[in-house]
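Below are some notes on a helix pair and on a single side chain. Please read them with the model open.

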Amino acid sequence: MQRLYDIGFPSDEHIPALKKLWADVFKAGEEVIDNFFENTQTNSNTVCAFCDGVPVSMLFAVESEIFYGGNTYKAYYVYAV
């Protein structure tokens, strides 16, 4: 069976395509998108599905903390799938 997609982390060259994908799917403005990519997105917290080397799907694992039972735990928030 032929695999149609590859799963992996993006490189810096994929960022414009990821921003376009975000704008197309979520209808967010450029300022919102640029803010997220400048302040939150890293290539190591982003997972993409690639078709012929082009990102066609993405998700972000944003670092966060959970407070439960008086304890703090590190966690990842799955965002913008």
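1. The backbone nitrogen of T42 lies 2.9 Å from a polar atom of the side chain of N45. The backbone oxygen of T40 is 3.1 Å from a polar atom of that N45 side chain. (A polar contact is a pair of N or O atoms within 3.5 Å; within protein, one must be able to donate a hydrogen and the other to accept it, and residues adjacent in sequence count only if both atoms are side-chain atoms.)

2. This is a predicted model, in which local features need pLDDT of at least 70, side-chain atom pairs count only at pLDDT 80 or more, and totals for chains, interfaces and linings use all residues. Residues are numbered from 1 along each chain as its sequence is written, and side-chain values use heavy atoms, with hydrogens and water left out.

3. N45 sits in the loop between helix 2 and strand 2 (46–51); helices (H or I, at least four residues) and strands (E, at least two) are DSSP runs, numbered from the N terminus. Its relative accessible area is 11%, so N45 is buried (under 20%; exposed is over 50%, partly exposed in between, with a 1.4 Å probe and protein chains only). Neighbours within four places in sequence aside, N45 is in contact with T40, L59, F60 and A61 (heavy atoms within 4.5 Å).

4. In helix 1, I15, L18, K19, W22 and A23 meet I33, D34, F36 and F37 of helix 2. By class, this contact has 7 nonpolar, no polar and 2 charged residues (Ala, Val, Leu, Ile, Met, Phe, Trp, Tyr, Cys and Pro count as nonpolar, Asp, Glu, Lys and Arg as charged, and the others, Gly among them, as polar).
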